[in-house]
Amino acid sequence: MPSLLLFPPPASRIAAEYDLLFWLLVIVCGLVAIGIAAFVIFAAIRYHRRRENELPPQISGNMKLEIGWTVIPLLIFMGMFAWGASLYVDMRQPPGNATEIYVVAKQWMWKLQALDGRREINELHVPVGRPVKLIMTSQDVIHSFFVPAFRVKQDVLPNRFTTVWFQPDKPGKYHLFCAEYCGTKHSGMIGYVYAMDPRQYDLWLAQGGAEGSLASTGEKLFHQFGCANCHHFDGHGPCPDLKGLYRRPVLLTSGQTVTADESYIRESIVDPGAKIVAGFADFMPRTFKDQLTEDQIIALIAYIKAIGPEPGAQQPSSTGEVPQSYGETPGITGSGAPGVSSDQPEVR
Ligand code: CUA
């Protein structure tokens, strides 16, 4: 009965190892529990008190036994911990070349959007053998993205991004569930991930008409909502130049430096006062939180990610290391944002 499968066959890169570790934990813990229970029963029968005034012989201790039952379980359980920790790190860190997909969860559906603008509802088509990273947020309550065959599950929260990644290694159609009770139709918040042979995937891609890239939607919004009035791309606007901002270190008025990742950009849109760039005043309107949908925020972020430094400028390294020219001047510095280093905050 395939619909009642507790353990669907593993279908992603980490799934087989995940299963092995899971069954090892079950077997080791089961054997320990059974061993202890059996010994308790055996000892109760074999050594129970037989006469009203019976006194047991006094035992002062057994060093070998005590060291043995301390060290052996310690080694077994630390070994399991080390294996579990290393697998966990693998599961949390997407490879650098992963395809990014934005996911918006809402009552009661999944909206999935690729960077090229391809949108799907409750369905995701991915090629086999390539890592996929999902950047997820919720438009209302907490949901949870769960694909049992890939052995991945991650909560999806409003007002922040969470990520999960997987690499399907077998073509097929895999159930996608919402694994967090989110209201009346929680049980209907399901879908499918289609892992396709790369050649079929390219065919499928060619058929589907992408409706403009996500970044181009974001560019329209950037002008529609008046962002361009303050954020000039010549570096002389009253607000930070956003060119080449993504993955760049940003110095704040607090003296802290943060990396401009998706979460930082999102926060700067919905809560502009949270982190003020050094050298700038806190006067961006607070209204965008109510005006923009999660889809629009994602499109804006895609646009900001897409506007890189000017041609010929020094590229931020993909490893996230800081090129040497950064950090000499306050604010968003470096070659990608020429001239954004005004010492006095400009206020309009
Ligand atoms: Cu969404 Cu349960």
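Select strands β1 (residues 99–106) and β2 (residues 109–114), which run antiparallel and are joined by six bridges. Strands and helices here are DSSP runs numbered from the N terminus (strands: E, at least two residues; helices: H or I, at least four), and two strands pair if DSSP finds at least two bridges between them. The model is predicted: local features need pLDDT of at least 70, and side-chain atom pairs count only at pLDDT 80 or more, while totals for chains, interfaces and linings use all residues. Residues are numbered from 1 along each chain as its sequence is written, and side-chain values use heavy atoms, with hydrogens and water left out.

Keep β1 and β2 selected and find the hairpin of two residues that joins them. In that loop lies W108, and the peptide bond from Q107 to W108 is cis, with omega near 0 degrees. Most peptide bonds are trans.

Select A105 to see both pairings: its bridge partner in β2 is W110, and S138 stands opposite A105 in β5. Strand β1 is mostly covered, with six of its eight residues buried; buried means under 20% relative accessible area, exposed over 50%, and partly exposed in between (1.4 Å probe, protein chains only).

**A cavity beside β2**

Select I101, L112, Q113, A114, R118, R119, E120 and L124, which line the largest cavity. The elements that give two or more residues to this lining are β2 and β3 (119–121), and β2 gives the most, with three residues. The volume of the largest cavity is about 30 Å³. On a 1 Å grid over the protein atoms alone, a cavity is a set of points where a 1.4 Å probe fits but cannot get out; a pocket is an open set with protein on both sides within 12 Å along at least five of seven lines; and lining residues have an atom within 4 Å of a point. Grid points are joined across faces, edges and corners, and a volume is the space filled by probe spheres set on the points.

**The largest pocket and α6**

Move to H231, C239, P240, S268 and M284, which lie nearest the centre of the largest pocket, among its 30 lining residues. The elements that give two or more residues to this lining are α5 (227–230), α6 (262–270) and α8 (294–306). The space in this pocket is about 560 Å³. By class, its lining has 24 nonpolar, four polar and two charged residues; Ala, Val, Leu, Ile, Met, Phe, Trp, Tyr, Cys and Pro count as nonpolar, Asp, Glu, Lys and Arg as charged, and the others, Gly among them, as polar.

Now select α6, which gives the most to the pocket lining, with four residues. Seven of the nine residues of α6 are buried, namely E262, Y264, I265, R266, S268, I269 and V270. What covers them includes β1, β5 and α8.

**The nonpolar cores**

Select L245, V250, Y264, I265, I269, L292 and I301, the residues with the most contacts inside the largest nonpolar core, which has 33 residues. Such a core is a set of buried Ala, Val, Leu, Ile, Met, Phe, Trp, Tyr and Cys residues joined through side-chain atoms within 4.5 Å. β1, α4 (214–224), α6 and α8 each supply at least two residues of this core, and the largest share, eight residues, comes from α8. Apart from it lies another core, of 28 residues, including L112, V128, V164 and M189.

Centre the view on I301, which touches Y102, F161, E262, I265, R266 and I269, not counting residues up to four places away in sequence; contact means heavy atoms within 4.5 Å.

In helix α4, select E219. E219 counts as partly exposed because its relative accessibility is 36%. E219 and I307 are 88 residues apart in sequence and 9.6 Å apart in space, C-alpha to C-alpha.

Go on to the loop between β6 (143–147) and β7 (152–156), where R151 lies. R151 has a positive phi of about 60 degrees although it is not a glycine, and at 9% relative accessibility R151 counts as buried. The last stop is N159, in the loop between β7 and β8 (162–166). Phi of N159 is also positive, near 65 degrees, and N159 is partly exposed, with a relative accessible area of 48%.
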